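Please have the sequence and the model at hand while reading.

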Amino acid sequence: MTVYDELVARGLVAQVTDEPEIKKLVDNGEAIFYIGFDPTADSLHVGHFMALCLMKRLQMAGNKPIALLGGGTGMIGDPSGRTDMRPMLTEEMINHNCDCFKKQMSRFIDFSDDKALLVNNAEWLLPLNYIELLREVGPHFSVNRMLSAECYKQRMERGLSFLEFNYMIMQSYDFLCLYEKYGCNMQFGGDDQWSNMLGGTELIRRKLGKNAYAMTITLLLNSEGKKMGKTQSGAVWLDPNKTSPFEFYQYWRNVEDSDVLKCIRMLTFLPLEQINEMDSWEGSQLNAAKEILAFELTKLVHGEEEAKKSQESARALFSSGNAAEMPTTVLTESDFLQGKIDVISLLVKTGLVTTRSEGRRAVEQGGVTINGEKINDIKTEYEIEELTKDGAIIKRGKKNFRKAIIK
């Protein structure tokens, strides 16, 4: 099976501009390709995960990745998939976020010996002269065509700012600059980026008379059609300080039965033959598949040692109700009233609920256990001494839990 055929078999390929040519470049290790990452936060998240895995796969096959940090485009904001305008970031915030991205990407991509490039589009976008850009790029874009693009259509009803309207032009200009500077002949991105990517291939054709290619990656959606990578408390981050390795492991361990084999196929580096054998798995076997998925992805992001610790902790949690590596909330004496704390306060302080009324409902519905004991009384209290030694393991529902300790 060729490299490109494997991408198709894993369900990664969504749309391509010229499949025979893309297949030839990828299979022969001749693709110099880029994927863009706008630094809108100080950590990459699960939404970036598939792109990073794709870059790793293609680099292993001899192709050359270019990770493009959006130091320039990040100051505008991509309207794709958005119903509102992104918050404006300062240049200092963007630079800080770019530095954080570099460290995380190095776990996936080998940047040594010119095997990959890390480039920031602020290099050519920030010094641009507006009139010069209008003359150089403006004539090659049809406003009518731009407005028909899906990424803009979604925003037209609620209002599309002129700032965001320029995003397609900026991304297309990125591709042109990367083609001229580094010989970049392909762009990969999420399926929601298709219009922006076509703009780049067309700009290269019009300006340089050359062919460049684009391929979109299937978006990672759950069985309900929603983007994966979000929890009740927010995004699932790759930074261990924002989402602990244990929480990261648990996110994948708790995916729906209908999503687990798709995720294994798209995100892990296990052989397809091994994955295909799992297609007939059902019942308890799917729980084993979820452990495989969680372990492989945690190992990829945080290393094998953290993956083993997270797996052992998860097994301990659900077998004996105790684990050292689970998410922990540290309480102080000031959190106690006359040496006691009630169950609702524990739920709020550990972040398992956001309000006391939500906590009351959770207890009344029988969804709260502490150290394996179901709590039915909202007035249940705990003394400092009960939490000092080993702490308390608080669970809300089947998947949400925290350890509360005193220090």
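How many aromatic pairs does the structure hold? In this predicted model, there are seven aromatic pairs.

Because Tyr 34 belongs to strand β2 (residues 32-37) and Phe 175 to helix α10 (residues 167-182), the pair ties together parts that are 141 residues apart in sequence. Both Tyr 34 and Phe 175 are buried.

Elsewhere, one aromatic cluster is formed by Phe 49, Phe 108, Phe 248, Tyr 251 and Trp 252.

Two lysines lie over aromatic rings, as the table lists.

| Lysine | Ring | Distance from ring centre |
|---|---|---|
| Lys 56 | Phe 269 | 5.9 Å |
| Lys 242 | Trp 237 | 4.6 Å |

In the case of Lys 242, the charged end sits over the ring of Trp 237.

The last topic is helix packing. Helix α13 (residues 257-267) packs with helix α15 (residues 284-302) at an angle of about 40 degrees, and the two axes are 9 Å apart. The crossing of α13 past α15 is left-handed. On the α13 side, the contact is made by Asp 257, Val 260, Cys 263, Ile 264 and Leu 267. On the α15 side, Leu 286, Ala 289, Lys 290, Leu 293, Leu 297 and Leu 300 take part. Sorted by class, this contact of α13 with α15 has nine nonpolar residues, two charged residues and no polar ones.

Notes:
Residues are numbered from 1 along each chain as its sequence is written. This is a predicted model: local features need pLDDT of at least 70, side-chain atom pairs count only at pLDDT 80 or more; totals for chains, interfaces and linings use all residues. Side-chain values use heavy atoms; hydrogens and water are left out. Axes are lines fitted to C-alpha atoms, for helices over the stretch in contact, and angles run from 0 to 180 degrees between N-to-C directions. Helices (H or I, at least four residues) and strands (E, at least two) are DSSP runs, numbered from the N terminus. A crossing is left-handed if the near helix is turned anticlockwise from the far one by less than a right angle, and right-handed if clockwise. Contact means heavy atoms within 4.5 Å. Ala, Val, Leu, Ile, Met, Phe, Trp, Tyr, Cys and Pro count as nonpolar, Asp, Glu, Lys and Arg as charged, and the others, Gly among them, as polar. Rings of Phe, Tyr and Trp (its six-membered ring) pair if their centres lie within 6.5 Å; planes under 30 degrees apart count as stacked, over 60 as edge-to-face and the rest as tilted. Buried means under 20% relative accessible area, exposed over 50%, partly exposed in between (1.4 Å probe, protein chains only). A charge sits over a ring if NZ of Lys or CZ of Arg is within 6 Å of the ring centre and within 35 degrees of the ring normal.
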